[in-house]
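Subject: Structure handover

Hello,

Please find the structure below, followed by notes on what was found in it.

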Amino acid sequence: MSQEVVADTGPLIALAHVGKLDLLRRLYGRVTVPKSVVSELAIGSSRPGVGALEAALCAGWLSCQEVSDSGLLKELRRLLGPGEAEAIALALEERARFLLIDDARGRRLARDRGVSVVGVAGVLLAAKARDELSTVGSTLQDLSNAGYRLSPRLIADVLAAAGEE
């Protein structure tokens, strides 16, 4: 069984945008993404965080892998966008430790298929628990300021779990 983490686009862009992408390397070692996620990362553009994503791909701790189960992929693409569909399919194929995804519909479909899911908030809590992050609240605020959608309830729950109420 693989202990790799598979990721969808949104959490990678969000963490890169606020300068926290390296938390994934420090916590999990290696992160795998499908081809459509690499396309969605907009490598080569001037979007905030793209340099960190490109560096992670070049360093090899963020790597790309093609999905081989075309039947599963076709089924998932009817329900989700290409990044989410390929990320779920790859997580299933690789028996990933978990899928890093924040999209609510994608999370539900992944769980329905037996895939463990974690979002950006879970990564931040894990980072704080391992002393890789001193405070979760400031990063949540940075994410919110960057336009990453976080519900007030999620923020409150994460702050409570981090002991930062």
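**Sheet and the helix on it**

Val-6 stands opposite Thr-32 in strand E2. Strand E1 (residues 5-7) and strand E2 (residues 31-33) run parallel and are joined by two bridges. Strands here are DSSP runs of E with at least two residues, helices are DSSP runs of H or I with at least four residues, and both are numbered from the N terminus. Two strands are taken as paired if DSSP finds at least two bridges between them.

Before going further, note that this is a predicted model, in which local features need pLDDT of at least 70 and side-chain atom pairs count only at pLDDT 80 or more, while totals for chains, interfaces and linings use all residues. Residues are numbered from 1 along each chain as its sequence is written, and side-chain values use heavy atoms, with hydrogens and water left out.

The sheet is open and has five strands in the order E3-E2-E1-E4-E5, with parallel pairing. Strand E3 (62-64) and strand E5 (117-118) are the edge strands; each has a single partner strand, so one side of each has no neighbour in the sheet. Helix H6 packs on this sheet, where H6 touches E1, E2 and strand E4 (98-100). The direction of H6 makes about 170° with that of E1. Contact means heavy atoms within 4.5 Å. Axes are lines fitted to C-alpha atoms, for helices over the stretch in contact, and angles run from 0 to 180 degrees between N-to-C directions.

**H5 against H6**

Helix H5 (residues 70-77) also packs with helix H6 (residues 82-94), at an angle of about 140° and with the axes 9 Å apart. Their crossing is right-handed; a crossing is left-handed if the near helix is turned anticlockwise from the far one by less than a right angle, and right-handed if clockwise. From H5, the contact takes in Leu-72, Leu-73, Leu-76 and Arg-77, and from H6 it takes in Pro-82, Ala-85, Glu-86, Ile-88, Ala-89 and Leu-92. By class, these residues are eight nonpolar, no polar and two charged. Ala, Val, Leu, Ile, Met, Phe, Trp, Tyr, Cys and Pro count as nonpolar, Asp, Glu, Lys and Arg as charged, and the others, Gly among them, as polar.

Glu-86 of H6 is worth a separate look. Glu-86 is buried, at a relative accessible area of 8%. Buried means under 20% relative accessible area, exposed over 50% and partly exposed in between (1.4 Å probe, protein chains only). Leaving out residues up to four places away in sequence, Glu-86 touches Pro-34, Lys-35, Ser-36, Val-67, Leu-73 and Arg-77.

**Positive phi**

Most residues other than glycine have a negative phi. Ala-42, which is not a glycine, has a positive phi of about 60°. Ala-42 is found in the loop between helix H3 (35-40) and helix H4 (50-59) and counts as buried at 19% relative accessibility. Asp-131 likewise has a positive phi, near 60°. Asp-131 belongs to the loop between helix H8 (120-129) and helix H9 (137-145), and at 70% relative accessibility it counts as exposed. Gly-19, which follows H1, has a positive phi near 75°. Within helix H1 (residues 9-17), the buried residues include Thr-9, Pro-11, Leu-12 and Leu-15.

Leu-125 is in helix H8 and is partly exposed, with a relative accessible area of 26%. Leu-125 and Val-136 lie 11 residues apart in sequence, and their C-alpha atoms are 6.9 Å apart. Beyond four places in sequence, Leu-125 touches Val-136, Val-158, Ala-161 and Ala-162. In helix H9, Thr-139 is buried at 1% relative accessibility. With residues up to four places away again left out, Thr-139 touches Val-18, Lys-20, Leu-124 and Leu-133.

**Whole chain**

The chain has 10 helices and five strands. Its radius of gyration is 15 Å, close to the 15 Å that the globule rule gives for 165 residues, so the chain is as compact as a globular protein of that length. The radius is taken over C-alpha atoms, and the rule is 2.2 Å times the number of residues to the power 0.38. Along the principal axes, the C-alpha atoms fill a box of roughly 45 × 35 × 30 Å. Of the 165 residues, 45% count as buried. Among contacts between residues at least 6 apart in sequence, 65% join residues at least 24 apart.

Regards
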